[in-house]
Amino acid sequence: MSFMSGRSLDNYEFTFEKYLTDSNRIEADSNEGLSSHHGRMDTLSITESIAASEERFGRTYHSYRSGSYNYPNDPTEIERLDDQHEIIKLVMDGRNYLAPFSKEKPPKNILDIATGTGTWAIEMGDEFPEAKIVGTDLSPIQPQYVPLNVRFFIEDSTEEWDYPERFDYIHTRVTLGCWSDMKTQIIQKAFDKLEPGGWLECQELECLPGCDDGTMTEGHAWLDWAVKLCEASEVTNRQLNMANQIKGWMEEVGFVDVQEMVFKIPTNGWPKDPRLKYLGLLWQRNVMTGLSGFTLDLFNRVLGKTMEEIEVYLINVRKSLFNRQVHSYQRVICVWGRKPDDSEMRVA
Ligand SMILES: C[S@@+](CC[C@H](N)C(=O)[O-])C[C@H]1O[C@@H](n2cnc3c(N)ncnc32)[C@H](O)[C@@H]1O
């Protein structure tokens, strides 16, 4: 089911809700022995064209507003982003959004901030053929041939949003590490650029892993890595653990009907439930693919580590990610809120 009617998710039954939402503990698979294994998975599709980029550590990075975003934009990263898109959709029960649209009341003007490969924007273009979708990013990593109702622009979204039109739906997803102040740079500007009654939806990932049963202890290499990465990113003024503040920021800016749904993605195949095990394996593969790219620039520039030192350090991090005795997960926090109608604004 992809469409909803009305403004609440009350009647929507999420297949995964009972396993994944923040309030629930995920049951570990007691059959997991000490030596973890993982199945090899096929690689997914790669978007090929990449325009001007800077090269460091054998990876490429965006050159427009160089140094603003600390992670690569090369084919490896593009493929990882498209895998991540599928995983997050799986988490959200096959949906691309939680804001209450319907076939009868579809969005007409959609803005996807920091669109990445643009896959979300393209799928929204297919789902809402009457809508116009604009996707923006620092990197030109979107495909050349896209549906007629989808356009991409290279843009730094921390700067003024110079769009002639107003939007009725603005979206962000996994933009941790993009902003020095998401509240003023994105949420306030989205409020200003939305039509009254329009929706902002942020589907954001927390960097720091969680664990509900004490199996992830202080020395765990994956946790140590995440803490170090968050600290290094703070030095570059890019917060990586901001998702749990978005609901409050939206309310402070003036959004109403703000709702939050928190999902847990297992870090590997430790859960008992087969679907969660599968999700964990997909996530593990995704993190494995991304790990060097997440780490190299920040650990080199901020922590002063050489590429060789970083790769040696990552060996244990990778090993720890295979340990199914550690029941860790990452949270995806989805928040959506409505800009009040003119009449509601006047009352306020
Ligand atoms: C982790 S990716 C997520 C992409 C996409 N939203 C998704 O969910 O697949 C973050 C994206 O933000 C873009 N980005 C970073 N800083 C930005 C900025 N200041 N303005 C626009 N895009 C930015 C990066 O180039 C990258 O493509």
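At roughly what angle do the axes of helix H5 and helix H7 cross?

**Entry 1, the model.** I noted that this is a predicted model, in which local features need pLDDT of at least 70 and side-chain atom pairs count only at pLDDT 80 or more, while totals for chains, interfaces and linings use all residues. Residues are numbered from 1 along each chain as its sequence is written. I looked up pLDDT (the predictor's confidence in each residue, from 0 to 100) and found an average of 89 for the protein, with 86% of the residues at 70 or above. Over residues 1–7 pLDDT stays under 50, and the model has 14 contacts beyond four places in sequence for them. Residues 33–50 also stay under 50, with 27 such contacts. Here I count two residues as in contact if their C-beta atoms, placed from the backbone, lie within 7 Å.

I took the axes of H5 (residues 221–235) and H7 (residues 274–301): they come within 10 Å and cross at roughly 55 degrees. Helices (H or I, at least four residues) and strands (E, at least two) are DSSP runs, numbered from the N terminus. Axes are lines fitted to C-alpha atoms, for helices over the stretch in contact, and angles run from 0 to 180 degrees between N-to-C directions. H5 and H7 are therefore oblique to each other (under 35 degrees is roughly parallel, over 145 roughly antiparallel, 65 to 115 roughly perpendicular, the rest oblique). The crossing is left-handed, as the near helix is turned anticlockwise from the far one by less than a right angle; clockwise would be right-handed. Leu229, Ala232 and Ser233 of H5 make the contact with Phe294, Thr295, Leu298 and Phe299 of H7. I sorted these residues into 5 nonpolar, 2 polar and no charged (Ala, Val, Leu, Ile, Met, Phe, Trp, Tyr, Cys and Pro are nonpolar, Asp, Glu, Lys and Arg charged, the others, Gly among them, polar).

The axes of H4 (residues 182–193) and H6 (residues 246–253) come within 10 Å and cross at roughly 50 degrees. That makes H4 oblique to H6, and I recorded the crossing as right-handed. From H4, Met182, Lys183, Ile187, Gln188 and Phe191 meet Trp249, Met250 and Val253 of H6. By class, this contact has 6 nonpolar, 1 polar and 1 charged residues.

I listed 21 residues around the ligand, of which Ala114, Gly116, Ser157, Arg173 and Cys178 come nearest (near: C-beta atom, placed from the backbone, within 6 Å). Helix H2 (75–91) and strand E4 (132–137) are the elements that give two or more residues to this shell. The shell divides into 7 nonpolar, 10 polar and 4 charged residues.
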